[in-house]
Amino acid sequence: MTSVMKSGSIAIVSLLFYGIALLAAKVLKIDKTAFAFTVLGSLFLPIFILSLGWFGLLGTYLSISGEGKYVLGMLGSLLPLIVYTTFASKLKSRLFVWFSYVTVTAGAAFLAASLKLSVDFFYLGMMLFNAVIIIIYQRLKANEAYKLFTKEFVPYVQVNLVLCTLFMLFLYDNEVLYSFNLLLTAIIYLSMMFVSGRKEYHFIFSIMIVYGSYQLIEHSFLDYFGSVIYAMVGFVIVFVPKALGGKFALDKVFQYTSAIISGFTFIYISLEGILLRAGNPSIVLMLAYIVIAGNFLYLSHTSNMHLFPYLSAVFTASSLYEAIAMLAKPIQMSISLSVFITGFILFLVFGIVVSNKIIKIIQNSSKDIGLGLMALAIVAALVFFKWWELGVMLLLVTVISFLVIKKEKRRYYKDAAFWVLPISFGLAALAFGEEINSNSPIYYAEYGYAVNFAAGAFLVLVSSFAWRRAAEKELERISLYISQGFYTISIACAIFCPINVLWVQPFVFLIGIGMYYYLYKKVGTKWVPYLICSVTFLTYFSIVNAVSQKIHLNQTANSLMAATSVVILLLIALISRKSDKKLFNAFAWTGHVIFPFALAFTWFSYNFESIYSFITALVVYGLSTKYAIKEWKIKVFLYGSFTTLFVTVSLAMDEILVQYFGNYEFPITSCLIIIFSLVVNKAMQRRTSYYLVLFSIVGIGLMIMNYPFTWVPYIITCLYAYGTVFYLHKIKWSLIGIIPLFLAFLVTAEISYVSDMNEVEKMLLTGGMGIVLSILGQFKYKMLLESGKKLQDIKIDDFTIISFLYFWLMYFFENEALWSHAIPGVLIAASIWMQRKRVPENISVFMSILGEAYLLQPYYSIIHELNIPALWEREVEVLSFILLVIFSRFLLKGRYSEITKAIQWGVLIIVALLLIQDGLASSTIYDAIILGSLSLLSMISGMFLQIKSYFFTGAGVLLLNVFLQTRPYWGNMPWWFYLLIAGIVLISIASFNEWHKQKVLKGEKTFISSLKEKVIDRIKQWD
């Protein structure tokens, strides 16, 4: 595309927009759309003129890079001006008025620039232009024809000043002169605000004055003092309202403006100091910070904003830092220490010492900022491992903390200072110690952190004595607590950090006992003795460790170390039992809590040698049981004695019987405990029973796991189980007896499977055990279940219950002998039947029925083994249920008759259906004869016994049997024969009904009706 085509396309786009606008206005009557496209077409006009110069279509002189480029700009303003003024008049649009004004200003600027004037004459020309248009405005403002333009003139004149400045910046490049123009423009806006009363001009004034100052300072000899002058600008801004005489009530606005300018000044000069001066201190920066601090100090007095005092303190700290950095430059002081000293001086001088009216307003903020700077410096020193400097800082913090306690009025600061003072004092000692650690590997390996913390704790404790002399009770109390905290950390470091274990570690622990004992005597709280006890425990092992490094100890001595430590604690408890109850409780509790863990550790670590520790524990728990007063303590110690006795027996058996398999220590321990219970009083026997029962049950369960399981462990386990049952019955806890009995059953099942007995012997063993238990249950309990008000009064025949498990186990040992299939079921049925007199009378009969019903199991087991002919197989299988129903109704003697009748009907119908299905499946004459005979027998029995179910079931089955057996005859008849029979039957029924109706109408009674009534009445009398 050529240059002409490119410019032409822009012109075509503009004309296209104008055409669309005309179409929308004249044809479519859409005014807003027409106006929008008019604006778009108008905006393309200057772009079209610019493209003519850009592509050089008007010649080289009037091109963008030619000498007449400004003439092009002036001429290019004429066509848009004509168009804009025309549209402004026709459309009454304020937007096109402003387009016209801006075009006039642009044309005037390009005209002045085309005359090759210097920058000062250009600015003079633009000011003359402003004067000319103001004169024109004065003459035309009363003319109604130009009211649309004159109405917008006053705002335009104000904007025109900015446009003139922008054109000067665009067309010329002289920063100093430009800065004066900006400052002059700022003064003009200030004057306009004074004259017109428009408060919003203060924004433009502030921006112009700041930007003008920047241009002037950065591009003149003032650059060296730039930091101070920038600060002064912000300071001067705050006095502008006074220059205006307070006419506009803009004090707060200019105060905030001054604050914002000062803030940005701080950021600018600080970044400049870091980036350009490489962080080197500067007097100019210090003075600048002083000016900014003074500015915010003034704002603090004139404004209620709480931020200003803090900003004044921040900038005061900045000036102090610059001063300290310059003074400390020869000695190469670290940044963290410089910052700390800055905060220290700020806190001390401006927060406490100086208290005149001017400075007093920033007193609290100086304290806050000073504390913040000191905290920041301490963190920095800690991060960069500046230990001695950190120590100095922390010592100065103690001074600051004391001044806060004495001078500060804010309560939360004062309360915090009471804790910060001793903590910082102790940490100072720790910091100096860490400096030694970092420079001396020998000190670190031999003494390390533990001694450093101990030194800090000692110094804080000594300071508590000084505070006591000074009558500072609160500081004395808190220093005592802090010293204990430091020493606690020292003890932890002695355990986990490098230290000389031969004498330094025991020495630290020994002093720890004294420290905690002193704390206990001072505060008397019950938790402190536990600390004493813990450190005593650590001291013992530390000494043992030190001794073991010099003297060789055998395995037995080593095994006694853990138990001996507990014995020492308990001996101390015994000694202090009467003199100090709290100390006694602490050592006694700690010793008894640790003892089980010590014994467990010894057991797993030293095996047989631990027997001496368990013997010691047996003695300790025995004595503790004797001295204990509370019931739960007596039980705990007593059960601890029994447990240690068990472990002792177990270890002894392991040593004496090297090759043995079993858990015989359980019955032996149970026997020893029973012997103990025989020689103690009733209360101790009751306590013993709780442990003995549970222990014996667990022991029986574990003895089942013996391997290999032979007759010896079986007999011992059975004796153990039945002995436990006997003991439970003796103490009247028979309700629990089912557990050892069940375990004895499991033992019997196990020996039955693992032994080499044959099936008959196994059946005899299990059956014999079941019979014995069943007989024992009959003799021991009158009833199967006896209720009671208390749990101990409830009785359950556990012997009989477990006997059923033995009978059930016999099923697994059935063999070829026919009796082996029947005997388990017979025994179970007999056992159930025997319970009929041991249950409540109202359910006694059901035990007989249940026993009878269970006889079906051995019955079916036997017939399953016998070779019954197929002709009789179904009858043998199902007729037994009819016998069961008959016997059950006989036993119930009329009770629950409705239910038993329904059951009887159901059984008869199901049996009949099964027999019919069997007869149909075989389809032999013998099945028909058998089924008919049974049906006839059922009918006869029902008739003589007057039982409906038997009569009707037999009749139904008999008719159905006849019907099915004669099927070959009636099944081969032609279809019309069935139709004939059906017709005859229907006609007969209809004729009988009609005849019966006529007889009834005559008052006569038919023979059939009489017979029917007699039959129905008779049948109703049947069961």
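**Cores and salt bridges in a predicted model**

In this predicted model, the largest nonpolar core has 142 residues, and Phe340, Phe595 and Tyr714 have the most contacts inside it. Helix H28 (residues 631–656) gives the most to this core, with 11 residues.

Q: What does tyrosine 714 touch, not counting residues up to four places away in sequence?
A: Tyrosine 714 touches Phe709, Val747, Thr748, Ile751, Leu765 and Met769.

Q: Why is the pair of glutamate 474 and arginine 477 called a salt bridge?
A: Happy to walk through that one. The N to O distance between their side chains is 2.5 Å, and the cut-off is within 4 Å, so the pair counts as a salt bridge. Both residues lie in helix H22 (residues 473–496), 3 residues apart, so about one helical turn separates them.

Q: Why is glutamate 476 called buried, and lysine 522 partly exposed?
A: Buried means under 20% relative accessible area. Glutamate 476 has 12%, so glutamate 476 is buried. Lysine 522 has 39%, which lies between 20% and 50%, so lysine 522 is partly exposed.

Q: What makes glutamate 631 and arginine 687 a link between parts of the chain?
A: These two form a salt bridge, with the closest N and O atoms 2.7 Å apart. Glutamate 631 lies in helix H28 and arginine 687 in helix H30 (residues 682–703), so the pair ties together parts 56 residues apart in sequence.

Note on methods
Residues numbered from 1 in each chain as written. Predicted model: local features only at pLDDT ≥ 70, side-chain atom pairs only at ≥ 80, totals over all residues. Heavy atoms only, no water. Core = buried A, V, L, I, M, F, W, Y, C linked by side-chain atoms within 4.5 Å. Buried < 20%, exposed > 50% of the residue type's maximum accessible area, 1.4 Å probe, protein only. Helix = DSSP H or I, 4+ residues; strand = E, 2+ residues; numbered from the N terminus. Contact = heavy atoms within 4.5 Å.
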